[in-house]
Amino acid sequence: MHDPTSHAKTDLRQDRVVLSRRTLAAPLLLFLALIAAYFATVLAILMTGALAALVLVPLCGMLIVALFVIGHDACHQSYTSSRFLNHVIGRIAFLPALHSFSLWDREHNHRHHRFNNIRVLDYAWIPLDLAEYARAGLSHRLRYRLYRNPAGVLLYYLFEIWPRRKLWPRRVFVGAIRPAYIADSMLLVAFVAASLLVMVGGWFGKGAFEAIVLAFVLPFLIFQMMLSSAIFLHHTHPEVPWYASVEEWEADDGGVRGTMHVEFPYIFRKIILHIMEHSAHHYAPGVPLYKLDDMQERIKRHGAKSWQFSFREYFEVCARCKLFDYATHCWLDFEGRQTWVPLSVRLPACGDVCGPHCRVSVGRENTVSEFTPAIC
């Protein structure tokens, strides 16, 4: 995929057009089945004993994951053939995940997909370079080290992304506050209020604390940990580069090269609705989840990167991908030692004008998180 021939590019573009054709009835039925299953599972957790409820908690968490994937597709307008229905489905599907539809659209569609793997412009899992890590304060370094640990990966999104960017609009991140941001955040408030009212009412024989923990908190935490690890795996691997500038990213086809397809067993891929077929998604975000595995197979034939998930390989990825040298395009450990060979990255043809590594300047509203590297 890094350097396909012109003929291959034409074939892929045709595949992208064909596979982007969406249907209506089947995806609508899938959404209705999953949202019904979610509410039925929550009700079952509230009505059963503690042991049976604990067994149902992971199922409830997985249903939140599946609904979130549907909401993600709907936000891309790739889930059904109806734009209006996509907006309705997306907002409802995002409720159990406690995500604002319009804020997700702003950050994910209009930022991440346009600037994935570009430091300063992307907003999640941006690796620091050695100098930035050395300049960081102690608490900053400790948290950064935690999040690059195999267990800490599960916590990153919960603390660094979701509460800051996905619940309530903040001018520092979104600029002007649009009415849609407020409306979607208020929809989340209403959902949480209604859920807590049902759970603390004692109508199903459980105390308020037990009901909230089992039916609300634990499933949500399962979702958060799975989302955090998925995003990490999507864009972190010794063979996945990060970029110092838009110019580098464009020259190197970073929209796809900055992604990784992580292969899971067939059944699990179906359960999570193909969210890990990620290089195909970045190449063709209009392809719906129910055709994404086909698109992934097609771009894989042209060199898109993938690896078969195992915990051994996952631990190795975490061990190798601590810091990133944006000049040599190489992953480093915390001592600055190379953990992988420098990646071959096309550089923009502007070295005579602005140097070999062009930079973009952004304002305060484009800062991505406390872990965002400073602009050189």
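**Notebook: rings, shape and surface**

I began with the rings and found that Trp125, Tyr147, Tyr156, Phe232, Phe264, Phe268, Trp307, Phe309, Phe311, Tyr314 and Phe315 form one aromatic cluster. Rings of Phe, Tyr and Trp (its six-membered ring) pair if their centres lie within 6.5 Å; planes under 30 degrees apart are stacked, over 60 edge-to-face, and the rest tilted.

I noted that this is a predicted model, where local features need pLDDT of at least 70 and side-chain atom pairs 80 or more, while totals for chains, interfaces and linings use all residues. Residues are numbered from 1 along each chain as its sequence is written, and side-chain values use heavy atoms, without hydrogens and water.

I counted 24 aromatic pairs by the ring rule. I then picked Phe309 and Phe311: their ring centres are 5.3 Å apart and their planes at 75°, so I call the pair edge-to-face.

Is Phe311 buried or exposed? I found 59% relative accessibility, so Phe311 counts as exposed. (Buried means under 20% relative accessible area, exposed over 50%, partly exposed in between, with a 1.4 Å probe and protein chains only.) Across the protein chain, buried residues make up 53% of the 376 residues.

Next, I looked at the overall shape. The C-alpha trace spans about 70 × 50 × 45 Å along its principal axes.

Last, I checked contacts (heavy atoms within 4.5 Å). Of those between residues at least 6 apart in sequence, 70% join residues at least 24 apart.
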